[in-house]
Amino acid sequence: MNLRRYVVLRLLQLVPVTLVVIIINFLLVHLAPGDVSIILAGDTADPAYLAAIRERYGLDRPFLEQLWRYLVQVGSGDLGLSFRSREPVFAEIMSRVPATLLLVGTSLGLSVIIGTVIGTWIARRPGSTTDSVVSALAVGLFSVPVFWLGLMLVLFFAVQLQLFPAMGMSSVDGPREGPGRILDILHHMVLPVLALMTVSVGQYVRLARSAVAEVMGESYITTVRAIGFSDRTIMMHYALRNALLPVVTVLGLQLGLVLTGAVLTETVFSWPGLGRLIYDAILARDTPVIMGAFIAMSVTVAFASLVTDLVYAFLDPRVAL
Amino acid sequence: MVPALLALSRRAAFLISAAIVVVTVIVAVTAPWLPLPDPNGMEAAPYEPPGPGHWLGTDNYGRDVLARLAWGAQLALIVALVSSAIASVIGVILGSISGYFGGTVDALLSRTIDVFLLIPSFFLVLLIVALFGSRLEFTMLAIALTTWPRSARIMRAQVLSLKSRVYVQAARAAGASHGRTLVRHIIPNGLAPIITDATILMGLAVLTEAGLSFLGLGDQNAVSWGRMIFDGQRQLRIAPWMSIFPGIALLLLVASFNLLGDGLNEALNPQLRRLAARATPKPPMPVGEARPATPGPILDVSNLRMSYRLDSGQIMAVDGVSFRLQQGESLGVVGESGCGKSSLGAAILQVMAPNATTVAGDVDLGGIPILRDGRRVVSHDREMIADLRWTTAAMIFQSAMNALNPVIPVGAQLTEAYRLHRPGASHKEALARAAAVFDLIGVPRERLGSYPHELSGGMRQRVMIALSLLHEPKLVIADEPTTALDVLIQDQILGELDTLKRQMGLSLILISHDMGAVAETCERVAVMYAGEIVEMAPTETVFRSPQHPYTKALLAALPTVSGPCRVPAGLPGEPFSAGETTPGCRFAPRCSVAQDLCRSSRPPRVAVGAGHEALCHFPAGSAA
């Protein structure tokens, strides 16, 4: 009962974010130099298509009515048409989601696990040499430009050692189905996942480290030490459990950064996901696609923060639902 | 030695990153005058690998990579400075307004901040640049417009905590306008974390610009490291140096910004340093080499000294404490906060904070040596104390809200503790035992499934006591068990402890600042001041004829209900701070009867009666 109310309340909080993002989109298009219909239809559009776009967005109507139309359109899932393919932007975006999800999901999962393990490990002795060195390295990792790291991986593993493919998600002449195809995709995933993971793992090392170190200073940890639990049990069973809460919270907030990394990584590796779609749209100045991607990414991040809040509420009994 | 080296290594990271930023600034500023080729000149041969002519090689147009790197530094720094400056200014203004005025303004602004925090910056920047063109000004403005909520949120929190400060209230009372109060009194005092975060924003801005340039959205007329990598990407196989060097430059600069922010954060945040402070314990002593325990008492502490390592140096929290406790006996340890009484309890069970260590003294617990000369006694690498914790000696911690794990039901905390020391016990047995101790202390069994926050303060403290009784220990150390509770519950719980003590033949150490609480429960009292026991005697004796001036002052501060109504006498002066050193008596500066001798030489420990000793030159009876 209470849970349902909480979820509904939290879902309602998605509305202002979505509204703000749509309004920003609308204002930017109108503020941008040049004719709105050309921005939305492309330089090369024929008069018939231009007229169709004017009609679609009501560009000859008063400003506020245009805004209202746009809000209703986007609200109903209509993100406009790509002027390259003349296909709905929403469908184009959805068709690219699986590839991006595979890339982002795998690297995020790996970096959270690896980062938490390393962070917990160095938090055993905050201030030790190991801690100082690993912490500084973690800072180094999230300072690496992900696209450059991608290039370096290509240079080393694809060009020099020829161990992994440098681009794409599958080989042109590779198997089309079955375990062979899965292996082929896994083979193609190694380098992009490695690049994306390396950049985000540093964040989780630092997060887990400070969370665990902080928990280790709490009174309830002194209690279990006094009871006689071994350092190992205290670390793994008690400290980590309590320290996971802040890690979960940040997970949602950081998704924006991870998606940014994904776009850049996909560009380097020609990974057929959203990032690649955005890159191609930029090259072709396909504004409706860039606008749609911005809305899609914003809603995704807002939704992820909602999910983290729910997970947090589920993990921490102190959060009264 | 080791800590000093560590501090240095941390500072080394800070210094190196500061040096990298300074060098980048110098290179960027002096780029036009450095003996480098024109960054856009195409005189040299294309694709020339790094060598004496061109240290970092040339690109596909024959442009010198090193020269372009130097000019690229200019752009990176401009982006870093301008974007983070704009973002910080917007953040400081909106954050202070939101925090200062509160109410509807705050509700509106903080909702806006929350919404903007969720918008992924890079995609908005991408859209802005795609619509308005790849001009550097737009890029910087776009970065600022998407990163200001960070600073705003920090500033809002700062203002919220600053606006109730006395000097701010005073300024308002003196007639300063809202604007003046904010600008003169609040904002300058709240800027430190904004500056820290700005260095991190700088790193973020540099990376964002590089990312944009890499996607081909950078300013076409500027030399940018991101743009260089974008160009190099297509020549990766024939001229890898084109992309390797600008990437390294980016990495170094961004990492330096981040490490600088980190270092500043640590310098400004004592909490972080406290977490990092650690004391190196003395090496453990094998049980074979240790003097065997004196038979008889359940606890024998002799000349125990324990120190904390702090930024400012070492302080001796427990300084030469000795006492014995017989089975079934109870001892109250009394003193002001900071006198070392809680540290004493932690030292006995060896659960000190990481920055604390015992430096001297012997402790026997239950006839087993656990500490010799400040060294933990071990048998085959296992501390002797390990098997005694909770089975021979248990502890009741103050403030059960923090001493119980907030995310585990109390029943589970009890059963886990039970099964730890009874490895064969089933979950059912553990649950039965937990229920039994709940009965003992008067907590309803239904509460086994509750989380600590669902219980009242008194109930929580009872759960803590139940936890301590799980394994029927011989000794219970109760550290301020009732401090956080209201007087009625305090009395109830102390009464229950007293009953349990009699029923189970427990030995009890009650650590408290409250003479009254100790008088009710304990047979003997030890008064602690500045890490030392200044007076120890049977409870009655202490109350009837206190010998140490400090004990007298403590007793005088005790309000009475039965006697004539009087204002409790306070103790003048500040408590002895454990960092100070004095050749004389530590209490002398606050003592009303101190003589010259007290200030110049250490007082002796004198026996003033049966089982009654005082650390004083002039114990009450012999005062001249």
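**Exercise 1. A loop residue in chain B**

Is Ala530(B) buried or exposed, and what is its relative accessible area?

Let's set the ground rules. This is a predicted model, where local features need pLDDT of at least 70 and side-chain atom pairs count only at pLDDT 80 or more, while totals for chains, interfaces and linings use all residues. Residues are numbered from 1 along each chain as its sequence is written, chains are lettered from A and ligands numbered from 1 in the order in which they are written, and side-chain values use heavy atoms, leaving out hydrogens and water.

Step 1: Get the cut-offs. Buried means under 20% relative accessible area, exposed means over 50%, and partly exposed is in between (1.4 Å probe, protein chains only).

Step 2: Apply them. Ala530(B) has a relative accessible area of 10%, so it is buried.

Step 3: Ala530(B) sits in the loop between strand 12 (524-529) and strand 13 (532-538) of chain B. Helices (H or I, at least four residues) and strands (E, at least two) are DSSP runs, numbered from the N terminus.

Step 4: Check the backbone. Ala530(B) is not a glycine, yet its phi is positive, near 50°.

**Exercise 2. Another positive phi**

Find where Trp390(B) lies and say what its phi is about.

Step 1: Look between strand 8 (382-383) and strand 9 (393-396) of chain B; Trp390(B) is in that loop.

Step 2: Read the angle. Trp390(B) has a positive phi of about 70°, although it isn't a glycine.

Step 3: Trp390(B) has 0% relative accessibility, so it counts as buried.

**Exercise 3. Pairing up the rings**

How many aromatic pairs are there over all chains? Work through two of them.

Step 1: Take the rule. Rings of Phe, Tyr and Trp (its six-membered ring) pair if their centres lie within 6.5 Å; planes under 30 degrees apart count as stacked, over 60 as edge-to-face, and the rest as tilted. By this rule, you get 14 aromatic pairs over all chains.

Step 2: Now try Tyr550(B) and Phe587(B). With ring centres 5.2 Å apart and planes at 70°, the pair is edge-to-face. The two are 37 residues apart, with Tyr550(B) in helix 20 (residues 549-556) of chain B and Phe587(B) in the loop between helix 20 and helix 21 (596-600). Tyr550(B) counts as buried at 0% relative accessibility, and Phe587(B) is buried at 2%.

Step 3: Go back to chain A. Ring pairs join Phe26(A), Tyr57(A), Phe63(A) and Tyr70(A) into a cluster.

**Exercise 4. Charges over rings**

Which ring does the charged end of Arg56(A) sit over? Then look at Arg234(B).

Step 1: Know the test. A charge sits over a ring if NZ of Lys or CZ of Arg is within 6 Å of the ring centre and within 35 degrees of the ring normal.

Step 2: The charged end of Arg56(A) sits over the ring of Tyr57(A), 6.0 Å from its centre.

Step 3: In chain B, Arg234(B) lies over the face of Phe230(B), 4.6 Å from the ring centre.

**Exercise 5. Chain A as a whole**

How many helices and strands does chain A have?

Step 1: Chain A has 14 helices and zero strands.

Step 2: Of the 321 residues in chain A, 54% are buried.

Step 3: Zoom in on helix 9 (residues 178-216) of chain A, where you'll find Arg209(A). Arg209(A) counts as buried at 17% relative accessibility. C-alpha to C-alpha, Arg209(A) and Gly115(A) are 9.0 Å apart in space, though 94 residues apart in sequence.
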